[in-house]
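Reader: Hi! Could you walk me through what sits inside this protein? I have the model open.

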Amino acid sequence: MYLNNRFYIVACTIISLFFCGYMFPACFAAGKWAAVLFVTAAAADVWLLWRKKAGIDAVRRCAARFSNGDDNRVVIEVENRCFYPLHVEVIDEIPAVFQRRDVLFKTALPPGAHREIVYHLRPSRRGEYGFGRIRVFALTSIGLVMRRYTCGQPAAVKVYPSYLMLDRYEFLAIHNNLDELGIKRIRRLGHHTEFEQIKEYVRGDDYRTVNWKATARRSQLMVNTYRDERSQQIYNVIDKGRVMQYAFRGMTLLDYSINAALVLSYVAMKKEDKAGLVTFSDRFDTFVPASKQAGQMKLLMESLYRQQTGFGESDCSALCVHLNKFVSKRSLLLIYTNFDSIIGMERQLGYMQQLARQHVVIAIFFENDELKTFASRTPRTHEDYFQQVIAEKFIYEKQYVTTFLRRHGIYSLLTSPESLSVDVINKYLEIKAKHLI
């Protein structure tokens with residue numbers, strides 16, 4: 001049982017009447033009647049609230065897994081099982097990692113009424129989050145006493161890479177509205193085909209595709225049929241070193257890379273390509289062979305679910321050794337990393353060149369939007385000028401790295417974390433349209 005603010009206001013008013021009764025006897029008499037009414041009302045309030053054992057019920061409904069970096073819907077259903085109206089305050093014990101103190105909702109419930117309270121949570125880290133109980137504080141129309149109901153059950157929710165983004169891409173793809181996300185339509189160059197089957201000749205078939213050996217065996221004209229070349233291997237190679245710990249709007253570069261890798265794998269499999277995954281840091285870590293089977297997306301999501309950054313420097317030599325061991329077919333490697341400086345890039349250049357001899361390599365790294373905003377400010381003091389020059393130096397180095405990698409036969413993509421998914425898909429479509437793999 002909790003005493004409401006109205007209880008203290010009425011009690012202070014009655015005490016004031018008793019004090020005034022020393023000077024005005026009428027106030028003392030009024031105070032006595034007010035005290036009797038106050039005690040009666042409080043007793044009636046307690047009786048109404050505790051008359052029914054389960055007067056309020058509340059249930060939380062949300063998805064079994066949350067999507068990282070997206071708004072996830074949470075619904076609380078509150079029911080009044082009493083025959084009189086109640087005013088309730090609902091507090092949901094959300095996971096502490098959100099650090100929110102505003103998950104308190106006030107509403108009025110007529111007798112037997114249901115209410116749905118909807119709010120959204122936006123996680124910024126993958127992992128397992130724990131919800132607590134639902135606390136409901138109920139008041140009658142008298143409003144002197146408040147009763148607390150503890151409803152619902154604690155629940156654990158796993159936060160996966162952004163699968164809601166996949167649903168959005170699929171929806172827009174069905175309606176041919178991918179341009180809304182910035183994905184370009186790229187014209188295919190040339191005509192690359194692969195053998196499909198041998199069939200009997202019918203009028204209209206190209207004479208150049210006649211299979212003379214099959215024709216001799218079957219004693220009738222047979223032709224080869226071809227289809228557009230498919231089933232190329234696409235590997236998302238994610239760096240988990242300390243350079244991927246930088247945060248942008250609450251999410252690390254690793255989280256942005258994981259979301260982009262998941263979306264690209266989905267798009268690649270829709271294009272009949274095989275999607276795989278590689279993660280590494282100071283050692284070779286996760287390897288998921290490229291495939292386009294039905295359960296591949298689930299396998300990729302489970303593999304990306306618990307990936308975390310380390311504090312060591314990434315070892316690209318181990319990456320080269322293991323990729324040469326496990327990936328023999330020419331593939332497209334999209335390496336998500338971040339070069340702090342030209343020196344950092346030059347340390348990894350030899351290993352990337354080694355990979356580029358056998359595969360098509362795209363080095364994906366990030367530009368600092370906050371640094372660009374800082375560099376665009378108008379300087380006012382000498383210190384501002386010095387800081388702006390240093391900021392422009394870092395921006396120039398990022399752009400120089402892009403040019404330097406292309407000069408050495410390595411494709412590169414410099415993008416902001418927010419635009420990563422769209423830019424990666426566009427780069428993949430561009431490489432595929434040019435038949436570089």
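Reader: Which residues touch the most other members in the largest nonpolar core?
Author: Those are L332, L334 and Y336, in a core of 43 residues. A nonpolar core here is a set of buried Ala, Val, Leu, Ile, Met, Phe, Trp, Tyr and Cys residues joined through side-chain atoms within 4.5 Å. Buried means under 20% relative accessible area, exposed over 50%, and partly exposed in between (1.4 Å probe, protein chains only).

Reader: And which elements give two or more residues to this core?
Author: They are β14, α5 (253-270), β17, α6 (296-305), β19, β20 (360-366) and α11 (420-433). The largest share, 13 residues, comes from α5. Helices (H or I, at least four residues) and strands (E, at least two) are DSSP runs, numbered from the N terminus.

Reader: Before I go on, what kind of model is this, and how are things counted?
Author: It is a predicted model: local features need pLDDT of at least 70, side-chain atom pairs count only at pLDDT 80 or more, and totals for chains, interfaces and linings use all residues. Residues are numbered from 1 along each chain as its sequence is written, and side-chain values use heavy atoms, with hydrogens and water left out.

Reader: Thanks! What does L334 touch?
Author: Not counting residues up to four places away in sequence, L334 touches I234, Y235, N236, V237, L264, I362, I364 and V424. Contact means heavy atoms within 4.5 Å.

Reader: Let's look at β14, then. Why is it described as largely enclosed?
Author: Because 7 of the 7 residues of β14 (residues 233-239) are buried, the strand is largely enclosed by the rest of the structure. Q233, Y235, V237 and D239 cover one side, and I234, N236 and I238 the other.

Reader: Which strands does β14 pair with?
Author: β14 runs parallel to β17 (residues 274-280), joined by 7 bridges, and pairs with β19 (residues 331-336) in the parallel sense over 6 bridges. Two strands pair if DSSP finds at least two bridges between them. Q233 has K274 as its bridge partner in β17, while Y235 stands opposite L333 in β19.

Reader: Is Y235 buried or exposed?
Author: Y235 is buried, with a relative accessible area of 3%. A polar atom of the Y235 side chain lies 3.0 Å from the backbone nitrogen of A290.

Reader: New topic: which face of β6 is covered?
Author: In β6 (residues 104-109), F105, T107 and L109 form the covered face, and L104, K106 and A108 the uncovered one. β6 pairs with β5 (residues 86-92) in the antiparallel sense over 6 bridges.

How values were computed:
Polar contact = N/O pair within 3.5 Å; in protein donor to acceptor, adjacent residues only side chain to side chain.
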